[in-house]
Amino acid sequence: MFDLLIIANYTQAPGEDNVNRFNYIAQNMNNDHLEIEIVTSSFSHTLKKQRDVSEEQRKRARYKYTMLYEPGYKKNVSLKRIYSHFILGKRLKKYLKIRKKPDIIYCAVPSLELAKVAAKYAKKNNIKFIIDIQDLWPEAFKMVVKSHFLRKMLFYLFEKKANYIYSAANDVIAVSQTYLDRVTKVNNRSNNHFCVFLGTELMYFDKLAQENKITVKPKDEVWLGYIGTLGHSYDIKLVIDALKIIEDSGYSDRKYKFIVMGDGPLRQEFEEYGEALGEKLIFTGSLNYGEMIGMLKACDIAVNPITKGSVASIINKHCDYAAAGLPIINTQESIEYRNLVDDYEMGYNCLTSKDVANKLIVLFENPILREKMGKNSRKLAEEKFDRSHTYKNIFKLLGKHNVRGSNEFTGITFHNESK
């Protein structure tokens, strides 16, 4: 049996919404002659709590899913998170010593701590090491770490660790070309480099959209939608400012709603900032994936307000917006995404709240244009984000060309260790 070990600390456990890249890959590999194990964290980054996987959920699973204890953290950017990852790295190192040697290690980056342990283990044991870049650390911390000294120190330490991981990889996959270019600057041994967007399975997306279809929307009302975390990386205030400009420009009678789907540390601050919009601003809180898709599909326009200075490139919400077939109002500085918006003629790239306001008015008043841009957006999803097509390079690289096309989890174990 061929042994594939997937190391990724941001995954879904059985019972959680299964849209994660690594769960999808594991469940769709042809495993007739393949043993697959995902090694991950006991701590849910999304829910900020320890996972509780029931016996019934374990029985439903078929591939091995091993959770190593991680103490956890409350804030995404914190010393406690660094410590938490350090402990998880120690647990992985200990686990690899008692596990049989795999044929391939397929490792998500970040976290840097897990990836460095995996890279050293692979090098020592002459195991093929494939990395999948999900985000750029430490670059992603630059705009949120306020202390210049701390930022400089963390950047030096993390960059050194990241470069070691990048240079150790035999093959490289990344969720954007921007990230892939960063890795190839320091990696001169990889034979294969692939950019594969995170994506979704469009057939599954459309099924959930139909099952969660919104039927109570007024016909003369335009809905503006946002999905994602309500944190420092997302400039919800800029969109609110744009809507205030619209209100002050004599469009106060315009029937629209700005629907913000998600939760996060800045939710209350955003709610208070947008109080003047009254019932036109709605915060839904966290929704399960199906509910979110249903609400998103009911929207007429999507906003992608990424905070200035962010190194984020192609991210999850891009895929969902495109799959929903929505025109995009984008403020993200990523050249890669801005080019997609322009090339597919699926929306507008903006920089200021005034620009956002002007483009929103254009779309508010032109349903035919919204429909045209929405169709172009869906075209992007079909060409660049549909996992049933775009993940073929990943499956090929991992050595298996056939996929089962199943939505089942494929055994799960909890690696019990003293905490």
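Isoleucine 133 is in contact (heavy atoms within 4.5 Å) with Val109, Tyr166, Val172, Ile173, Ala174, Val175, Tyr179 and Val183, leaving aside its neighbours within four places in sequence. The model is predicted: local features need pLDDT of at least 70, side-chain atom pairs count only at pLDDT 80 or more, and totals for chains, interfaces and linings use all residues. Residues are numbered from 1 along each chain as its sequence is written, and side-chain values use heavy atoms, with hydrogens and water left out.

Ile133 also belongs to the largest nonpolar core. A nonpolar core is a set of buried Ala, Val, Leu, Ile, Met, Phe, Trp, Tyr and Cys residues joined through side-chain atoms within 4.5 Å. Buried means under 20% relative accessible area, exposed over 50%, and partly exposed in between (1.4 Å probe, protein chains only). This core has 107 residues, and Ile105, Phe129, Ile131, Ile133 and Phe258 touch the most other members. Helix α4 gives the most to this core, with eight residues. Another core, of 27 residues, lies apart from it; among its members are Ile6, Tyr65, Tyr106 and Ile173.

Helices (H or I, at least four residues) and strands (E, at least two) are DSSP runs, numbered from the N terminus. Six of the six residues of strand β6 (residues 104-109) are buried, so this strand is largely enclosed by the rest of the structure. Ile104, Tyr106 and Ala108 point one way from β6, while Ile105, Cys107 and Val109 point the other way.

Two strands pair if DSSP finds at least two bridges between them. Strand β1 (residues 2-7) runs parallel to β6 and is joined to it by four bridges. Six bridges link β6 to strand β7 (residues 128-133), again in the parallel sense. Cys107 stands opposite Ile7, and it also stands opposite Ile131 in β7. Together with helix α4 (residues 112-124), β6 and β7 make a right-handed β-α-β unit. Right-handed means that, with the strands pointing away from the viewer, the path from the first strand over the helix to the second runs clockwise.

An open sheet of six strands has the order β12-β11-β10-β13-β14-β15, with parallel pairing. Strands β12 (281-285) and β15 (347-349) stand at the edges with a single partner strand each, so one side of each is left without a neighbour in the sheet. Strand β14 (residues 328-330) pairs with β15 over three bridges. The bridge partner of Ile328 in β15 is Gly347.
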